[in-house]
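The sequence and structure come first.

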Amino acid sequence: MKLQSVRGTRDIYGDEAQLFREIERQFSQCAKIYDFQEIQTPIFEFTQVFKRSLGDETDIVNKEMYTFEDRSGDSLTLRPEGTASVVRATISESLLRDLPLKLYYSGPMFRHERPQKGRYRQFTQFGVEMIGVDDPVGDIEVLSFAWNFFKSCQLDQKVQLEINTIGDDESRGLYLEKLKSYLEKYKNDLSEDSQKRLIKNPLRILDSKDQSDQKIVAGAPTLADSLNLESKSFFEQVVNGLEKLGLSYQLNPLLVRGLDYYCHSVFEFTTTHLGSQNAVLSGGRYNKLIETMGGPSTPGVGWAAGTDRIALLLEKPKKPHHTLALIAATDKGKDHRFQLLDELRQEQIPSQMIYSGNISKQLKKANKRNCSYALIIGDDEIERGTYELKNLLEGTQETLTKSELVSFLKKQDWGL
């Protein structure tokens, strides 16, 4: 058997790994600015964590979860999303005693989907959860966080916020009756998946990608007509808050999100730069989720974003020129560079050895590795206590004492 990665997974390295690291850096920096605290959860949970939170009739639970039985006979599942794990942690670790909670997370998620560009079976997500705030200000704050994250990555011109309300239980119940009544007339014309959803989860039909479904849905009653006064007021406060912040948005009456635990505000940041996989960040409010999972009645709102898709929107980084190469001209130079290399690294100066070849070949290798400087060490340099520092970008060279060398290099911007 030829060794290769499993279908739907991939190795991330080089420029892409650098993009992932930059996305994580910008996200964690925004989290600190918005006063969110980091939480890390295991990559697998008891299967019931996801069945209770996501709903037995969702595609994730029915088709996409990686579920297995461990040696103790327990049913475990690799986490398909982050919210359920974070909520489980808040309950099991008794974090709900001190509300509100503002938490952020990142890490790998797993779903058995059909792989394509921007969609993988192991993918990386990061997200935020604001728990204990039963007020539109919570929705506004997490959306402001998301928008400013995209601005920090210079992606605000490539994404668009789409938002909708699915109301409270009363509003949604009234709407489902109208929607079912309408869709029943077209039952035989719906796609196979939508025919199943008509019985189990009719709201999901609204975001079907099937073209025949979309034509039918275009004439369906809108949820806005079924909203009670409380739901209307809540959503109006959310969008008014976004307008006060100057955060542009687009109302999308067909946006419902695919998980059972959502209520009131639901939203997505979408892009036109990735083809069919156009959602890069999704979320909404979930006031019943914690209670459903066995905790006290506690409101929440949050979102999750796909690192893989966001990386596709970013420009590949320019090749870095932020490393010093140590080049040994003699055997004594080879011995001397070990100690010098350690001293430079102690001073936070990124340094590397060129391991073999004459001076000319070592300089070529340093250029190939995109080093900005090369330090040439030979017998004469050791005897005099000076070093030849070559600027590989400008082609200049100067002789420096050790103290001058360290002082000069510490002043450089190494991009750390």
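The sections below go from the basis of the values to the whole chain, then to local features.

## Basis

The model is predicted: local features need pLDDT of at least 70, side-chain atom pairs count only at pLDDT 80 or more, and totals for chains, interfaces and linings use all residues. Residues are numbered from 1 along each chain as its sequence is written, and side-chain values use heavy atoms, with hydrogens and water left out.

## Overall form

The protein contains 15 helices and 16 strands; these are DSSP runs numbered from the N terminus (helices: H or I, at least four residues; strands: E, at least two). Its radius of gyration is 28 Å, whereas a compact globule of 416 residues would have one near 22 Å. That radius is taken over C-alpha atoms, and the globule rule is 2.2 Å times the number of residues to the power 0.38. The C-alpha trace spans about 90 × 55 × 45 Å along the principal axes.

Of the 416 residues, 51% are buried. Buried means under 20% relative accessible area, exposed over 50%, and partly exposed in between (1.4 Å probe, protein chains only). Among contacts (heavy atoms within 4.5 Å) with a separation of 6 or more, 68% are between residues 24 or more positions apart.

## Helix 2 and its cover

Helix 2 covers residues 47-54 and includes T47. Its buried residues are T47, V49, F50, S53 and L54. Seen down the helix axis, these fall within an arc of 160 degrees, so they line one face of helix 2; the arc is that of the directions from the axis to the C-beta atoms. Elements covering the buried residues include strand 2 (44-46), helix 3 (59-64), strand 3 (67-69), strand 4 (75-78), helix 4 (83-92) and helix 10 (289-292).

T47 counts as buried because its relative accessibility is 6%. Apart from neighbours within four places in sequence, T47 contacts M65, T67, S75, L76 and T77. Just after helix 2, G55 has a positive phi of about 100 degrees.

## Salt bridges

The whole structure holds 14 salt bridges, each a side-chain nitrogen of Lys or Arg within 4 Å of a carboxyl oxygen of Asp or Glu. One of them joins E45 and R88 at 2.9 Å, N to O. E45 lies in strand 2 and R88 in helix 4, so this pair ties together parts 43 residues apart in sequence. Both E45 and R88 are buried.

R172 and D169 form a salt bridge at 2.7 Å, N to O. About one helical turn separates R172 and D169, because they are three residues apart in helix 6 (residues 169-184). R172 is buried at 14% relative accessibility, while D169 is partly exposed at 41%. K410 and E347 meet at 3.2 Å, N to O. This pair links distant parts of the chain, 63 residues apart: K410 is in helix 15 (residues 402-410) and E347 in the loop between helix 12 (331-346) and strand 13 (351-353). K410 is partly exposed at 48% relative accessible area, as is E347 at 34%.
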